Amino acid sequence: MSTQRENDPGRLELLQGTLDLLILRTLVLGSQHGQGIARAIQQTSDEELLVEHGALYPALQRLEERGWISAKWGTSANNRKARFYSLTSAGHKQLAKETSKWNRLTAAIGRILESEEA
Amino acid sequence: MFGRIFRRKRSAADFGDELQAHIRLEEERWCEQGLSPEEAHTRAHRAFGSVTHTQERFYESRHWVFLDQLWNDVRYAARVLRKSPSFAIAAILTLAMAIAANVVVFSVTNALFLRPLNLPDEQRIYLVEHAADRSRPHSYPNYVDLRDRNQSFDGLATFGVVGVGLSTSQNGQSPTLNWGWEVSGNYFDVLRIRPYLGRFFHASDEHGRNSAPYIVLSYSYWHNHFRDDPDAVGRSVRLNKHPFTIIGVTPPEFHGTVPFVAADFYAPQIDQQDIEGVNNLEARGVGSVQVVVGRLKAGVTPAQATADLNSIGAYLQKTYPNDDQEMAFTIEHIGAFGSDQDAAQGTEAFLGALMLLAGLILLAACANLGSLFSARAADRSREIAVRLALGSSRARVLRQFFTEATLISLAGGVMGLWSSSVLLQWLSGWHPVPRYPVQAAVNPDFNVYALALLLALVSGLLFGAVPVRQVLETNPYGVIKSGSTGKTRGRITVRELLLTVQIALCAVLVTSSFVAVRGLIRSMHNSLGVDPRNVMLVDVDMNTAGYRGADVPPVQKRVIEAMHTIPGVQAAAWTNVPPLTLDCCATSQIFTDQTANLTPANAAIRATTFRVSLEYFQVTHTALLSGREFTWNDDKTAPRVAVVNQRFARRVFGSVNSALGSDFKLGDGTRIQVVGVIEDGKYGSTTEGPHEAMFLPILQAPSDDAWLLVQSPRDSQQLASAIRSKLNDVDPSFVAFFQTWNQGLEGSAFGARMAAMSLGVLGIMGAILSVTGIFGMASYAVSKRKRELGIRMALGARSKEVVRAALGPAVKLLFFGSAVGLLLGFLASRVLAAIVYEATPRDPLVLAGVVLAMALVGLLATWIPAQRALAIDPAMLLREE
């Protein structure tokens, strides 16, 4: 997952493998095109997370190939052509799995870090 | 799942459209926030990152880029190799030769030791042997008991070889001598062989004597004599004048259960009376020639099976105390050498050594190719530098090099496999002994192909790895600026070490092939006790012509008389088997006259036994030391007599003089008087040690199948036709086989000849590799030091000094390697002694020959580089640089 290196020293780079989870989570709210997903991730994270937009598309492509999201061309709110992605039922399941995995991971890492501090 | 497979692939253009749409959306958003279109464009692109990179990632996700690059590498490698064809051809041929050597040696080993018979699940097939002497014949009734009472085998079958006059005409005319297996009805079922054509006979076809007049043809006999005619099945043939119906053909890969001997046909054992005129089906005590073979049941160990058989043996011993003694058994794999453990071990050791040598040859070839590759890498340093400078990674360059190496190694592997399979096919179809259907069916199987591929790939990696360091150390800046830099390393390089090993290997091979050839020549000139020159051997089977028992001796006498009417014939005699041929010889237990209990343990000696007619010793030129030869009066009515050799006389009676007129006993109690003593000789083969031998008059100890020995200085072709016409006068239905005794001798020296030949071939290969190896090293050294040598010459160095400077290291390696190789070769010759009689390295001629050969190798290899070194023109060189 490449991230932007220049500027924005205060922003967090994405951890390996977390982009998939973020995309799936974003699409729970309804179908969205790539630019919308990028915007949503940035805004929902209070501009803390930095997603290089270019990295988004191979990830979307991968998720689509795995059958977790589906895509079709449509028109955006301001009448622009865009490719819209929506979550499939397999995608819903995957999201649940990934979310619980993520929660366990952060909890475990959190515990380790706290014990280090103590 | 399926949707994913069948879904139409998304095009790169579609993906690109999406990226453009994203950028436009983004720009629009920034414009809405009040930025200028230019600013919006910049922001959108900055947030996106590289569009090209994203598109590349999309491409990579759809294609197997590794394969893509590989394909490019392969195409580029092929182009590069096409541009330097001499390099490619030299490399491929070298490798092909080395791989072929390995494949051939491995195939032979595979055929001899791993799968001698090419049977399904061969590891579970065992022969039943007598534990006492590892002999194999069992009587038929004992076999039936073993077959029916054992719990350990999925079936026990028998087989025995028989030579038969086979006639395809209805009236049994013009029979030819053919070799068949008499087998039990369950033979094919136990071995799990399926018919190629028609059907096989089964145990259920056996209903007592002569009840199953069927034969099954071997594939090669059907192929050669019936020209693949499927209608052959169902036809009737005559075996020794009795009608038999062809019911099937065995598959081509089946060669019976005797290694090296291919049967023409298979006939039921139960018909023995019809086929041979006698049968051993009822006699329990007589050890007939049945070999018992069985397939061990799954889960039964050989030890359990042996115990099972021995309990049956104990039962037989108790039930038939008169016929069955010492009924202890052991089981063994069939193996290529029968019960001849010495030959098996000798050959195993020899083949093991050959495998090692072939492996070393491959290693030597890899070393040569490695040098070639690294020399090429040095020549291509500019290309490498340019590629590195243009942004190629070193790994990518190395991959290119390895692709070239692999391409060459695969081509070499394919060629090696092809040439070795040609050689093996020739070997499989080769009949080294014309008399018998002897052949070594060397079937390359999956193991062999896998080995060839593996060897090719491994060697490709090996020699491809040699220039790795050169590539890694390439400094693009330096190379492009100043051309290739010749760095000289002071210490011994891996290449030099390999070359030394290679030269040593060559010397080992040359030494051992010289030793083998010298041993062969010497054993040919040994006192054989017989003189095989000008003697024609004619195998005349009385049986096939219908003569039995008491009819035989008068006919044999008439034949001898007929031979004497041929002009130029000096002597003619019968023997049951001629010495020094593959048929030789049977032995008998000999007891002193005082021995009362005639058990094998009490035997004084085992003597090689011949049954001969008078004049035999004249034909063979064997010197009579004392006493007399046989006469026609030594017949059934006269007391039993024998002529023995010197060693026999000494061992049994103490001396030649005390032997004359004394008696000894045979195992059946017959008392025989010694009437003559002859000189010692060789009997089984020219390479054997001294043996005791006994000659019995053929009139007193008749033999149906006997050889006629006719001595005449006439041309062998003319003599053969004269003998044939005389034989026809006596009886036109005789089946006779002709060969000169010298031809017969060749069969018995087969092993030694093969050994000398294979060593010679490997020796030549080793020499070629050494020459090219030294040549490569020397000429590389000359080109690298061209400038230095030129300066030396300009400063007044004499040509001797220049040559020494240029070639000194190579010559040093040659000396050192040769010395080591000679030493190792002498040690290795001990293995040879097991196969080639009289093979000894302690022979000044061998030593001189090896030194000469290695000197020749050195001269050949350094001649051209030396000329090149001398041809250096200092003025030219200095102007060039």
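User: Two residues are in contact if their C-beta atoms, placed from the backbone, lie within 7 Å. How many residues of chain B are in contact with chain A?

Analyst: First, this is a predicted model: local features need pLDDT of at least 70, side-chain atom pairs count only at pLDDT 80 or more, and totals for chains, interfaces and linings use all residues. Residues are numbered from 1 along each chain as its sequence is written, while chains are lettered from A and ligands numbered from 1 in the order in which they are written. On the chain A side, 20 residues take part. On the chain B side, the number is 19.

User: Which helix gives the most residues to the side of chain B that touches chain A?

Analyst: Helices (H or I, at least four residues) and strands (E, at least two) are DSSP runs, numbered from the N terminus. Three helices of chain B give two or more residues to this side: H2 (12-32), H3 (37-48) and H4 (51-62). With 8 residues, the one that gives the most is H2(B).

User: Let's turn to chain A. In what order do the strands of its open sheet stand?

Analyst: Strands pair if DSSP finds at least two bridges between them. S2 (residues 69-75) and S3 (residues 81-87) of chain A are joined by 7 bridges and run antiparallel, and S1(A) is linked to S3(A) by 2 bridges, also antiparallel. S1 (32-33) and S2 of chain A each have a single partner strand, so one side of each is left without a neighbour in the sheet. The order is therefore S1-S3-S2.

User: Which residue in S3(A) is the bridge partner of A:His33?

Analyst: Follow S3(A) to the residue that stands opposite A:Lys72. That residue also pairs with A:His33, and its name is A:Phe84.

User: Which residue takes a positive phi in the hairpin of S2(A) and S3(A)?

Analyst: Look between the two strands, where the hairpin has 5 residues. The positive phi is near 65°, and it belongs to A:Asn79.

User: How many residues does the largest nonpolar core have?

Analyst: Such a core is a set of buried Ala, Val, Leu, Ile, Met, Phe, Trp, Tyr and Cys residues joined through C-beta atoms within 7 Å, where buried means 20 or more other C-beta atoms within 10 Å of a residue's own, also placed from the backbone. Among the residues with the most contacts inside the largest core are B:Leu95, B:Ile99 and B:Val510. A second, separate core of 66 residues includes B:Val559 and B:Phe734. For the largest core, the number of residues is 98.

Note on methods:
A residue is buried if 20 or more other C-beta atoms lie within 10 Å of its own, exposed if 12 or fewer, and partly exposed in between; C-beta atoms are placed from the backbone.
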